[in-house]
Amino acid sequence: MSRSSGFGALALGLLLAAYFGAVSLVSGWRFTLDQFSEFWFYIVPLAAGFGVQVALYVKLREVVRRGTGAGSMVAASGTTSTAAMISCCAHYLANVAPVLGATGLVTLAAQYQVEFFWVGLAFNAAGIAYVGGKLAGAIKEHDQCATP
C-alpha cells in the first residue's frame, strides 16, 4: 500500500468513526446502526470520497514537495461530508436542543437530511476533480522537467 493510499484509508476510517461517534453519543448505538443501515449508500460514498481526496492530496504533495492550495479544498469537503453524515440523525438532537437553544437548526437539518447528503457528495466530487486536476498537472510538469 502506498503512502498516499494509506492516508486515504485512514481518512475514510476517521470520517466513519466521527459519524458513528457523534450519532452514538446523541442517540445510542442501536439507533446509529439503524440509521447507518438506512443511509449507508450516502455515508459510505461520502467517507470514501474524502479518503480519495486525502490520498490524491498526499500524492500531490509528494510530487511537488510543497502545498498548492489544494489542502483548503480537502478540508472544506471533509467538513461538508462530516456535517452531511451527522445531519442524517440531527433531528434526534431535539431532545437536548432546547437546552442548547438550537431547535430551529435541528429541525432544518432533519427536514433536509437527504439534501445535505447530496451537497456533501457534490463537494466530494468537486474536491476530487480539483485535487485530481492539480495532481495531473503536477505530474505532467514533473515529467517534462525530468525528460532531457
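Reply: First a term: contact means heavy atoms within 4.5 Å. This is a predicted model, where local features need pLDDT of at least 70, side-chain atom pairs count only at pLDDT 80 or more, and totals for chains, interfaces and linings use all residues. Residues are numbered from 1 along each chain as its sequence is written, and side-chain values use heavy atoms, with hydrogens and water left out.

Me: What share of contacts between residues at least 6 apart in sequence join residues at least 24 apart?

Reply: In the protein chain, 77% of them do.

Me: Which secondary structure does the protein chain have?

Reply: Six helices and zero strands. Helices are DSSP runs of H or I, at least four residues; strands are runs of E, at least two; numbering starts from the N terminus.

Me: Why is R3 called exposed?

Reply: Exposed means over 50% relative accessible area, buried under 20%, partly exposed in between (1.4 Å probe, protein chains only). R3 has 53%, so R3 is exposed. R3 lies in helix α1. Buried residues of α1 include G8, L15 and F20.

Me: Which residues does R3 contact, leaving aside neighbours within four places in sequence?

Reply: V58 and E62. The C-alpha atoms of R3 and E62 are separated by 9.4 Å, with the two residues 59 apart along the chain.
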